[in-house]
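User: Hello! I am new to this structure and would like a friendly walk through it. Could you show it to me?

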Amino acid sequence: MGNLNGIHARERRKTKWTTKRIDLLMNSNHANTHEGIKTVKAGNVCDFSRDSDLCICILTWNMNGQVSYEDLVEMVGSDRKFDVLVVGLQEVPRRNLGRLLQSALLDTHILLGKSIMQSLQLYVFGPKDIDSELSMKELKVDKHSIGGCGGLIRRKKGAVAIRINYKGIRMVFISCHLSAHARNVEERNYECRDISHSLFSDKNPYARPAQITIWLGDLNYRIQANTHPVRNLIHKNLHTSLTSKDQLLQEAERGQIFEGYCEGTLTFKPTYKYNVGSSNYDTSYKVRVPSWTDRILFKIEDAEEMTATLHSYESIDGIYSSDHKPVKAHLCLKLNNNN
């Protein structure tokens, strides 16, 4: 009788999961037209002038279970012409990364908030001045697990998030680590939709929506092509021609994910998978296809209310302690005068 009850319980869980997945698929395909991801050019360097209301530096890095303080220092950089720093980390080792990041930032920035789910971590820093904490009117955190350990203990998959109202701008930052392997495209699509529907869903239903949502992390979408032609194009600095084979852009174009989001042009080389300690792509027996697994995307809720200017979108190639390269974006926001 006990075995029968167990079977019935498993069937109920399976039915519940299947129903939830069908609902999400139906919601994701509610319209016949879609925009996909809008590619924006990051051309001009921000001079940190008062032309913007808020300048944000966004960093994402899969650390591969390793940590080097020197790499963290290089990642955050010394030219800190930004108000808010957002750092999303995946496969974080058992170390106090918040303390190390704070030390790397020296006297320029202080921690405003963090969201942690084992190896998946997100930090938001603001300027170290008397007005920084006063400028923060709201901060909420959330997390959503999608299961799986990536083959190793504590390497958590899912998303962590921070919702913050800073200087009158309502922002949501989502740092994620999605399922691996080139074949699992539909699984990643489902995880994106599931995370979107789940984060902050049990919070105040009357809360005003975020004016900007920023996704960052190891999304794990791959280049859909054979590894040797891909490597040859990268070697010839022709990697921009590979964007048509990028699964993330393909799935967004199909209307499956990230409707209405923006991303900078992928001018940098694919950020995964490198041999640790070198700038050489994977030479293991798997010879993985180099891919842009690490991404930063953003979506403005109302373009008439606020504008966003992307000043840079790049990888940090001088860091070698992981099989991923960190990715960095510089985004400036301006509220329109009629609000």
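User: What is the mean pLDDT of the protein chain?

Analyst: pLDDT is the predictor's confidence in each residue, from 0 to 100. In this chain, 84% of the residues reach 70 or more. Over residues 1-31 the pLDDT is below 50, and where pLDDT is low, the predicted coordinates should not be read in detail. For the protein chain, the mean is 87.

User: How many helices and strands does the protein chain have?

Analyst: Both are DSSP runs numbered from the N terminus: helices are H or I with at least four residues, and strands are E with at least two. Counted that way, the protein chain has six helices and 13 strands.

User: What share of the 339 residues counts as buried?

Analyst: Buried means under 20% relative accessible area, exposed means over 50%, and partly exposed lies in between (1.4 Å probe, protein chains only). Of the 339 residues in the protein chain, the buried share is 52%.

User: Why can the buried residues of helix H5 be said to line one face?

Analyst: Helix H5 spans residues 227-235, and its buried residues are Thr-227, Val-230, Arg-231 and Ile-234. They line one face because, seen down the axis of H5, they fall within an arc of 95°. The arc is that of the directions from the helix axis to the C-beta atoms. An α-helix has 3.6 residues a turn, so residues three or four places apart point the same way.

User: Which elements do the buried residues of H3 pack against?

Analyst: In helix H3 (residues 97-104), the buried residues are Leu-97, Gly-98, Leu-100, Leu-101 and Ala-104. They cover an arc of only 165° around the axis, which puts them on the same side of H3. Packing here is judged by contact, meaning heavy atoms within 4.5 Å. The partners are helix H2 (69-76), strand S3 (84-90) and strand S5 (120-127).

User: Is Asn-189 buried or exposed?

Analyst: Asn-189 sits in helix H4 (residues 185-198). Not counting residues up to four places away in sequence, Asn-189 touches Tyr-221, Glu-251, Arg-254, Gln-256 and Ile-257. Ile-257 is 68 residues from Asn-189 in sequence, yet their C-alpha atoms are 6.3 Å apart. With 0% relative accessibility, Asn-189 counts as buried.

User: Which residues line the largest cavity?

Analyst: On a 1 Å grid over the protein atoms alone, a cavity is a set of points where a 1.4 Å probe fits but cannot get out, a pocket is an open set with protein on both sides within 12 Å along at least five of seven lines, and lining residues have an atom within 4 Å of a point. The largest cavity has a volume of about 50 Å³, where grid points are joined across faces, edges and corners and a volume is the space filled by probe spheres set on the points. Strand S10 (262-264), strand S11 (294-300), strand S12 (306-315) and strand S13 (327-335) each give two or more residues to its lining. The lining residues are Ile-58, Ile-214, Glu-263, Gly-264, Ile-296, Phe-298, Leu-310, Tyr-313, Ala-329 and Leu-331.

User: Which residues lie nearest the centre of the second largest pocket?

Analyst: This pocket holds about 470 Å³ of space. Its lining has seven nonpolar, eight polar and nine charged residues (Ala, Val, Leu, Ile, Met, Phe, Trp, Tyr, Cys and Pro count as nonpolar, Asp, Glu, Lys and Arg as charged, and the others, Gly among them, as polar). Of the 24 lining residues, those nearest the centre are Ala-180, His-181, Arg-222, Tyr-272 and Arg-288.

User: Which peptide bond is cis, with omega near 0°?

Analyst: Most residues other than glycine have a negative phi, and most peptide bonds are trans. The loop between S10 and S11 holds Val-287, whose phi is positive, about 40°. Lys-273 is also placed in the loop between S10 and S11. The cis bond runs from Tyr-272 to Lys-273.

Notes. Residues numbered from 1 in each chain as written. Predicted model: local features only at pLDDT ≥ 70, side-chain atom pairs only at ≥ 80, totals over all residues. Heavy atoms only, no water.
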